[in-house]
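Here is a briefing on helix packing, ligand contacts and backbone geometry. Look over the sequence and the model before reading on.

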Amino acid sequence: MSKHIPISFEFFPTKTDAGAEKLKVVHQELQRLNPEFFSITYGAGGSTRERTLAAIAEFNGKGTPVAPHLSCIGDDKARIAELLDIYKAQGIDRIVALRGDLPSGQVGLGELPYATDLVRFIREHSGDHFHIEVAAYPEMHPQAESFDLDIQRFCDKANAGANAGLTQFFFNPDAYFYFVDRIQKEGVNIPVAPGIMPITNASNLIRFADGTGAEIPRWIRKQLATYGDDTASIKAFGHEVIVKLCERLIAGGAPSLHFYTMNTTDPTRQLVLDLGLA
Ligand code: FAD
């Protein structure tokens, strides 16, 4: 059994009433694992604004704190300020502050082009009310000018007032440990929670990884390929890989784990139980 560290769970806002009902059940089931918070994503440019607000309103006050994601690209300060005021009035005190990615074809960065600008704006507008989480990329953000500058950009977010980091998913724990070491050498000591992506479906995983710049190690790709459509074997293999990854992260000092649940209870629940983190 691993050392006990906090866990958090990420949801995305659903598109249909049926999806929203299903998510309520997932929320109840995962809440039993005693997470530190649930976070709800936000579509860049405000594309899920109403749905994110609805999901936050649904889960806020139901036991576990909720943290809305908020992205700045393509949004203006007035709309962001309005959201901050709504969340503050609802008693929410944690925000995940991101730049976001505009859908292809959409142009214009808006008044706050980078997440650092958003963190600075949140501090200007809401003072110290919010605990601010920001994104971290142990394997480098796909658009970063260089690895060193990407490290610097993360440190800029911390220096602008971010309290903690949540990483993009990854499968190589050394990338995470190296990232944390590098930011600490820059004098940044905020906690950085590894983002954990359960493996359940080979083609989805490859699609997510290609979209985010996360690397799927060759040995994992090859092993997944040998299973073809045998989903039971993919899930069993994926579970084993992620349990070992989490064990190494915890043993190496990860302060908490943030699970990309994909709005389902399992396999996240099984991972948390087997790691003894419930
Ligand atoms: P930034 O920190 O601004 O960095 C973006 C890029 O710009 C990096 O390459 C960085 O090196 C570079 N950069 C930063 N500052 C400068 C500068 N001054 N000059 C030049 N280059 C600079 N997206 C959503 O739309 N909604 C979500 O809810 C969401 N949730 C996420 C949750 C997590 C935990 C993570 C890891 C990502 C999430 N994303 C979400 C994806 C994220 O929005 C994208 O990865 C986006 O491309 C970058 O966002 P960021 O906040 O890391 O941006």
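Contact means heavy atoms within 4.5 Å. By that cut-off, Pro173, Asp174, Tyr176 and Phe177 in helix 6 meet Leu245, Arg248 and Leu249 in helix 9. This is a predicted model: local features need pLDDT of at least 70, side-chain atom pairs count only at pLDDT 80 or more, and totals for chains, interfaces and linings use all residues. Residues are numbered from 1 along each chain as its sequence is written, and side-chain values use heavy atoms, with hydrogens and water left out.

**Terms for helix packing**

- Helices (H or I, at least four residues) and strands (E, at least two) are DSSP runs, numbered from the N terminus.
- Axes are lines fitted to C-alpha atoms, for helices over the stretch in contact, and angles run from 0 to 180 degrees between N-to-C directions.

**Helix 6 and helix 9**

- The axes of helix 6 (residues 173–185) and helix 9 (residues 231–251) cross at roughly 25° and come within 10 Å.
- Helix 6 is therefore roughly parallel to helix 9 (angles under 35 degrees count as roughly parallel, over 145 as roughly antiparallel, 65 to 115 as roughly perpendicular and the rest as oblique).
- The crossing of helix 6 past helix 9 is right-handed (the near helix is turned clockwise from the far one by less than a right angle; anticlockwise is left-handed).
- The contact of helix 6 with helix 9 has five nonpolar, no polar and two charged residues (Ala, Val, Leu, Ile, Met, Phe, Trp, Tyr, Cys and Pro count as nonpolar, Asp, Glu, Lys and Arg as charged, and the others, Gly among them, as polar).

**Helix 3 and its partners**

- Helix 3 (residues 77–89) packs on helix 4 (residues 115–126) at about 60°, with the axes 11 Å apart.
- Helix 3 and helix 4 are therefore oblique to each other.
- Helix 3 passes helix 4 in a right-handed crossing.
- On the helix 3 side, Lys77, Ile80, Ala81, Leu84 and Asp85 meet Leu118, Phe121, Ile122, His125 and Ser126 of helix 4.
- That contact of helix 3 with helix 4 divides into six nonpolar, two polar and two charged residues.
- Helix 2 (residues 49–59) packs with helix 3 at an angle of about 10°, and their axes are 12 Å apart.
- Helix 2 is therefore roughly parallel to helix 3.
- Arg49, Thr52, Leu53 and Ile56 of helix 2 make the contact with Arg79, Glu82, Leu83, Ile86 and Tyr87 of helix 3.
- By class, the contact of helix 2 with helix 3 has five nonpolar, one polar and three charged residues.

**Ligand surroundings**

- Tyr42, Asp101, Tyr137, Asp150 and Lys157 come nearest among the 23 residues around the ligand (a residue is near if one of its heavy atoms lies within 4 Å).
- A polar side-chain atom of Tyr137 is 2.7 Å from an oxygen atom of the ligand.
- A polar backbone atom of Arg99 lies 2.8 Å from an oxygen atom of the ligand.
- For Gly100, a polar backbone atom is 3.0 Å from an oxygen atom of the ligand.

**Backbone geometry**

- Asp266 and Pro267 are joined by a cis peptide bond, with omega about 15°.
- Pro267 lies in the loop between strand 8 (257–260) and helix 10 (268–274).
- Asn34 is not a glycine, yet has a positive phi of about 65°.
- Asn34 sits in the loop between helix 1 (17–31) and strand 2 (37–40).

Terms used
A polar contact is a pair of N or O atoms within 3.5 Å; within protein, one must be able to donate a hydrogen and the other to accept it, and residues adjacent in sequence count only if both atoms are side-chain atoms.
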